[in-house]
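Dear colleague,

Please find the structure below, handed over for your own reading.

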Amino acid sequence: LKLQSPLEDYLKKLPKVRLVRLGQRRGLMLARMEGAWRAQAEVVVFLDSHIEASPGWLEPLLARIKQDRRHVVVPNILGIDFDNLAFEG
């Protein structure tokens, strides 16, 4: 694939990001579980390809996890107006 090499080069510049490629297709959930199993950080965040994170989105989630590390948290997901691309919600 044409994107593999540029993606790998870009990710090498990000100190807290590690790219893991599975040997065979295993589906979304097993791929995420593999990422969670290999993670070395205290908190693991998964973002789908259609997610656009705005400034300040992570801090409230981390605060909830700090209250109780057993929490599984989900951000407030806003819709986008089809006509003017403004956030809704």
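In this message, buried stands for under 20% relative accessible area, exposed for over 50%, and partly exposed for what lies in between, using a 1.4 Å probe and the protein chains only. By that scale Leu47 is partly exposed, because its relative accessibility is 47%.

Two remarks on the source are needed. The model is predicted, so that local features need pLDDT of at least 70 and side-chain atom pairs count only at pLDDT 80 or more, while totals for chains, interfaces and linings use all residues. Residues are numbered from 1 along each chain as its sequence is written, and side-chain values use heavy atoms, with hydrogens and water left out.

Overall form

The protein has three helices and two strands, in the order α-α-α-β-β from the N terminus. Helices (H or I, at least four residues) and strands (E, at least two) are DSSP runs, numbered from the N terminus. The C-alpha trace spans about 40 × 40 × 25 Å along its principal axes. The radius of gyration of the protein is 16 Å, whereas a compact globule of 89 residues would have one near 12 Å; this radius is taken over C-alpha atoms, and the globule rule is 2.2 Å times the number of residues to the power 0.38.

Of the 89 residues, 6% count as buried. The accessible surface comes to about 8,500 Å², and 56% of that belongs to carbon and sulfur atoms; these areas come from the Shrake-Rupley method with a 1.4 Å probe, and for residues only the protein chains shown count as cover. Among contacts (heavy atoms within 4.5 Å) between residues at least 6 apart in sequence, 0% join residues at least 24 apart.

Salt bridges

Side chains of opposite charge can pair when their charged atoms come close. A salt bridge is here a side-chain nitrogen of Lys or Arg within 4 Å of a carboxyl oxygen of Asp or Glu. The whole structure holds five of them.

A network of salt bridges links Arg26, Glu34 and Arg38. Glu34 lies in helix H2 and is buried, because its relative accessible area is 14%. Its side chain meets that of Arg26 in a salt bridge of 3.4 Å, N to O, and Arg26 is partly exposed at 36% relative accessibility. The side chains of Glu34 and Arg38 are also joined by a polar contact of 2.8 Å. A polar contact is a pair of N or O atoms within 3.5 Å; within protein, one must be able to donate a hydrogen and the other to accept it, and residues adjacent in sequence count only if both atoms are side-chain atoms. Apart from neighbours within four places in sequence, Glu34 is in contact with Leu22 and Arg26.

Asp68 and Arg70 form a further salt bridge through their side chains, at 2.9 Å from N to O. Arg70 counts as exposed, because its relative accessibility is 70%.

A nonpolar patch

Val45, Leu47, Ile51, Val74 and Ile77 form a nonpolar patch on the surface, with about 460 Å² of accessible area together. Patches are made of residues with over 30% relative accessible area and no salt bridge; like charges are joined within 9 Å, and nonpolar side chains (Val, Leu, Ile, Met, Phe, Trp, Tyr) within 5 Å. Leu47 sits in the loop between helix H2 (28–38) and helix H3 (58–67), while Ile77 is in the loop between H3 and E1. Ile77 is exposed at 60% relative accessibility. The two residues Ile77 and Leu47 are 30 residues apart in sequence and 12 Å apart in space, C-alpha to C-alpha.

Two loop residues

Leu85 lies in the loop between strand E1 (79–80) and strand E2 (87–88). Although Leu85 is not a glycine, it has a positive phi of about 60 degrees. Leu85 counts as exposed, with 67% relative accessibility.

Lys12 is in the loop between H1 and H2 and counts as exposed at 67% relative accessibility. Lys12 and Leu85 are 73 residues apart along the chain, and 33 Å separates their C-alpha atoms.

With kind regards
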